[in-house]
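Subject: Structure handover

Hello,

Here is the structure to look over. My notes on pockets, cavities and helix packing follow below it.

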Amino acid sequence: MHVVDFSLNAFSFRSASSSFLLAFPALFSIVNPLGASLIFAQATAGRSPREILALARLVSFYSFVLVMASVWLGSIVLAFFGITVNALRVAGGLVVAVRAWALLHSPESVEAQKEKQALQGGRTVMASNWADAAFFPLAMPFTVGPGTIAVAIALGSGCPADEPFWAYGLGVSVAAIAVVLIVWAAYSSSEKLVSMLGITGTRIVSRLAALVLLCIGVQIMAGGVQGFVTDTWAHLSKVAATRG
């Protein structure tokens, strides 16, 4: 009996670790904390260090809530609208791949879009109460945008049938927590990162992350296509067996 429990625990650990290794690079690449920290530094220019730290902490908390809600409640939303997991995987993988392709070939345009979201025509910088901008636009859509939400829902709904859901979900959740902690650290040290990496260094990191993100997007989309093919084959086999 002891041997059985040990094997189950080992299997659960492998499931959690594999889901973590899948979810962490996906979330890290699409959030891109290092690149976002440069724009965050612009959005918080003129603020005191205490206000920047408090704002980074609040933005990270809101981002954590958005990602975790997408991971754990996304499947319920899909079921409500009658959307299958395979459809989400194809759509989410396509969104991620398109975004990664744009970031890989023209990071300047992606940075300009992010900057527009964060600064909101300068209102973020000039706002008298910095907390008003913590959720919108800095947490959503600047840090956690539609692409991140799509990836989080796809990850949360992508547990293989032969793996325990709690172990898979634990791995994805730990990956989300790790990414949010990196966001908090990057935003809190945004001024230091600006001076250390600079624009060129950040774009190099962004391109490397975009390459990984492109591969992950293709993998997610391929999983959805494979699911459609498997379901279609099973349906056709069932129909053939019924007629036979």
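How do the residues of the lining of the largest pocket divide into nonpolar, polar and charged? The count is nine nonpolar, eleven polar and three charged. (Ala, Val, Leu, Ile, Met, Phe, Trp, Tyr, Cys and Pro count as nonpolar, Asp, Glu, Lys and Arg as charged, and the others, Gly among them, as polar.)

Before the rest, the ground rules. This is a predicted model, where local features need pLDDT of at least 70 and side-chain atom pairs pLDDT 80 or more, while totals for chains, interfaces and linings use all residues. Residues are numbered from 1 along each chain as its sequence is written, and side-chain values use heavy atoms, without hydrogens and water.

**Largest pocket**
Its volume is about 420 Å³. The lining has 23 residues, and Arg89, Gly158, Cys159, Pro160 and Tyr168 lie nearest the centre. Helices α1 (2-31), α4 (85-105), α8 (146-156) and α10 (190-243) each supply at least two lining residues. α10 gives the most, with seven. (Helices are DSSP runs of H or I, at least four residues, numbered from the N terminus. On a 1 Å grid over the protein atoms alone, a pocket is an open set of points with protein on both sides within 12 Å along at least five of seven lines; a cavity is a set where a 1.4 Å probe fits but cannot get out; lining residues have an atom within 4 Å of a point. Points are joined across faces, edges and corners, and a volume is the space filled by probe spheres set on them.)

**Cavities**
There are three cavities of 30 Å³ or more. The largest cavity holds about 50 Å³. Among the residues lining the largest cavity are Leu27, Ser63, Thr143 and Val183. α1, α3 and α9 each give two or more residues to that lining. α9 gives the most, with four. The lining divides into eight nonpolar, two polar and no charged residues.

**Helix α3 on α7**
The axes of α3 (49-81) and α7 (132-143) come within 9 Å and cross at roughly 55°. That makes α3 oblique to α7. (Axes are lines fitted to C-alpha atoms over the stretch in contact, and angles run from 0 to 180 degrees between N-to-C directions. Angles under 35 degrees are roughly parallel, over 145 roughly antiparallel, 65 to 115 roughly perpendicular and the rest oblique.) The contact (heavy atoms within 4.5 Å) includes Leu55 and Tyr62 in α3, and Phe135 and Met140 in α7. Its residues divide into ten nonpolar, two polar and no charged.

Regards
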